[in-house]
Amino acid sequence: TFEILLLFSPDIFGTIESVFLPNLPALETNPSFHVFDQSTRKGHIANGSNNIILNPTFENELSNWSGKGCNILLHESMEDGKILPLYGKFFASATNRTRSWNGIEQEITGRVRPKLAYEVTAIVRIYGGNVADANIQATLWVQSQDINEQYIKIAISQATDKGWVQLQGKFLLNGSPLKVIIFLEGPPPGTDILINRLVVKHAEKAPPPLRPFMKNEAFGVNIIENSNLDDGINGWFPLGNCSLNMEFGSPIELPSMARNSLGMQERLSGRYILVTNRADTWMGPAQMISGKLKLYLTYQVSAWVKIGPGSTSPQIVNVALSIDGNWVNGGQVEFNNESWHEVGGSFRIDKQPSNVMVYIQGPAAGVDLMVAGLYIFPVDRRARFKLLKKQTDKIRKRDLILKFSSSKADNVSGAFVKVEQIQNSFPFGSCITRSSIDNEDLVRFLEKNFNWVVFGNELKWSWTEPQQGNFNYKDADELLDFCKNNNLEVRGHCIFWEVEYAIQPWVQGLNKSDLTTAVQNRLTDLVTRYKGKFRHYDVDNEMLHGSFYKDRLGKDIQATMFRTSHQLDPSATLFVNDYHIEDGSDVRSSPEEYIRQILDLQRQGAPVGGIGLQGHIDSPVGPIVSSALDKVGTLGLPIWFTELDVSSANEFIRADDLEVMLREAFAHPAVEGIILWGFWELYMSRENAHLVNAEGKINAAGKRYLALKKEWLSRARGYIDVQGEFRFRGFYGTYNIEINSPTMKINRTFVVDKGESPLAINIDL
């Protein structure tokens, strides 16, 4: 059953003021509606007995509430009745705020239990301060038994002065704290925070997800009508006031990424659509494909594109989809010549649309556009996995010859041998935070299933020096001690970050001279302090997407950061690190752009030692990922996936996406490590990307990860031959071996290092 609440304004009954509803499936029965007239405002939505907030709708005035550095007031209305409570009779305001962290708070010590997920819902708005909108954040202040303090961001949402909005999020406590306070903060000083209701309750367990049922997938079948233009331009229409004509002279081979998915296909016709008289960037050829897309299938997009003469700068060409009016990126490419270029991408739908249009757009007005061989087809992931398994066996395994000898007269031939690999030496890692390692269950999963880590925020400059001269290395130090005690290798992320929003205000306010000094001090302080403790450093994060330091200190500053880092700690491998390299969705970070950037850094003397692909990806397609790895791999540097996560509300789809990424990475010879950007719910920056639910249940994605880790451990059984040898092929890593015969039972351990030639291992019995 579903309860739907409609709230009507007091002046015009029948006008919906606000509705907060989850996404509901289609109802098979008639819903019942509970209608409340806000002019009488009788009662409020039941908070439920499990709400741990006392006086949540201010029926007992301001009892149990207090101001955090400011005053709080109770209201029935404001602005001569223009502002009324959404629920109940009252609301409160946090006023006379002089700091952004000022707000309204309530202590909840003793009412929250450790290792339980809590859901927070607040009804809020802002008032005054000459601000029309501002972010309001729900924050948890926690004081541990050893008097350490911690601030946990629960949720953040943009509030306005026009109406009430809902702020919603979750949190999890690791231990039994001494004191816990929840508060609202965020808007600039002088702006009041209004709150009508706050609910904090144990998060309801979601019903078990269902694996999507798929049938008649038609893998590899192009859904585009008349793609080869065998029937002229029938099925196509101009989007906007442009002209379409058919011409000859386009490539007859499928683009490489599509060819790798489809295998041997008929050749293209050599015909293409010529688009002229383009008066705007969005004008181009279009086709309706409504009713042709199936839920949850991953679709690959592929086409040849070209532009005509007349452009004075690089042009972007984008295959786009309009799905019920929403733009979906099907892939984009940027170029500045008149050659044919491959464009590729992918997408997926999780609810059935009414209208779907595909169109090709991008070049500047007046620039002709040419399109050939547009393919959109569902990919067969399982078929590709067979290929990847063969490739994995080729590059991640080694032929082994175990040679047994004994000082005794016993003949070892015929003894039974049982070989079990206990650890694969390939680096599988995860992001951790200072707060996450206080969760004992999380730590157990981490220790068992990962051998590398990276810190989420604790090494970033904005964390270690939030205000000039105010240093905080305590969290990073404690994380390093944790890693040392648990034999975990560590990546250093990151020394600098080029994207302006990630840079603390005091750094943004420095002049060129002071900024130069601050950069040098940052390098010296950090890299000297941790010399020899981080195996890798992401030196200047996301240089393809930001240029804060480059714009202010000149184009040589990035190479200088690399050179200085190497001088201060020659043992650390220095990485570039960026996102969307592997998915075809962002022309700023195409493999070609990444290669150009790395070569430019190397020409300036930057000792770039590794290439980081973050791997925040949706709907991955293996050949697109592999193509990017092939291109970047031509530089001969080790490639790491440094922040891998995939997101889907359906954990089975998430598991499938994760398997694609892990198999593609593990099967590629240039990839030397994979770091997940977390694995535990509420300790990840991306929603619906976790492998383990907040309270410790391993979901389908987590089970898939564990299954792959198990698949990549070798096992062998058999008997020692007459030459005293036992042969098998196994993954690199550490092994246990058990030898059994009527006269002996012996256990030994050995290590298989990376190498191409057969490895002989002598085992003295």
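What does Val328 count as at its relative accessibility: buried, partly exposed or exposed?

Reply: Val328 counts as partly exposed, at 23% relative accessibility. The cut-offs here are under 20% relative accessible area for buried and over 50% for exposed, with partly exposed in between, using a 1.4 Å probe and protein chains only.

A quick word on the ground rules. This is a predicted model, where local features need pLDDT of at least 70 and side-chain atom pairs count only at pLDDT 80 or more, while totals for chains, interfaces and linings use all residues. Residues are numbered from 1 along each chain as its sequence is written, and side-chain values use heavy atoms, with hydrogens and water left out.

Back to your residue. Val328 sits in strand β20, which covers residues 326-335; strands are DSSP runs of E with at least two residues, helices are runs of H or I with at least four, and both are numbered from the N terminus. Setting aside residues up to four places away in sequence, Val328 touches Val319, Ala320, Leu321, Ile323 and Phe347, where contact means heavy atoms within 4.5 Å. Leu387 lies 59 residues from Val328 along the chain, and their C-alpha atoms are separated by 30 Å.

Now zoom out. The protein has 13 helices and 39 strands. Its radius of gyration is 30 Å, close to the 27 Å that the globule rule gives for 765 residues, so the protein is as compact as a globular protein of that length. That radius is taken over C-alpha atoms, and the rule is 2.2 Å times the number of residues to the power 0.38. Along the principal axes, the C-alpha atoms fill a box of roughly 95 × 75 × 65 Å. Of the 765 residues, 54% count as buried. Take the contacts between residues at least 6 apart in sequence, and 77% of them join residues at least 24 apart. The accessible surface comes to about 34,600 Å², with 48% of it belonging to carbon and sulfur atoms; that area is from the Shrake-Rupley method with a 1.4 Å probe, and for residues only the protein chains shown count as cover.

Arg491 belongs to strand β28 (residues 489-497) and is buried, with a relative accessible area of 1%. Its side chain makes a polar contact of 3.0 Å with the side chain of His536. By polar contact I mean a pair of N or O atoms within 3.5 Å; within protein, one must be able to donate a hydrogen and the other to accept it, and residues adjacent in sequence count only if both atoms are side-chain atoms. Beyond four places in sequence, the contacts of Arg491 include Trp452, Asp538, Phe575 and Ile675. Strand β28 also holds Cys494, and the peptide bond from His493 to Cys494 is cis, with omega near -10 degrees.

Ile598 is 23 residues away from Phe575 in sequence, and 9.9 Å away in space, C-alpha to C-alpha.

The loop between β30 and α10 (591-603) holds Asp583. Asp583 counts as buried at 11% relative accessibility, and its side chain is joined to that of His580 by a polar contact of 2.7 Å. A polar contact of 2.9 Å links the side chains of Asp583 and Ser585. Leaving out neighbours within four places, Asp583 is in contact with Gly344, Gly345, His616, Ile617 and Ile624.

Another buried loop residue is Ser227, with a relative accessible area of 11%, found between β13 (192-202) and β14 (237-239). A polar atom of the Ser227 side chain lies 2.6 Å from the backbone oxygen of Leu374. Not counting residues up to four places away, Ser227 touches Asn222, Gly373, Leu374 and Tyr375.

Asn96, in the loop between β6 (91-95) and β7 (103-107), has a phi near 55 degrees, positive in a residue other than glycine. Ile147 isn't a glycine and also has a positive phi, of about 75 degrees; its place is in the loop between β9 (133-143) and β10 (149-160).
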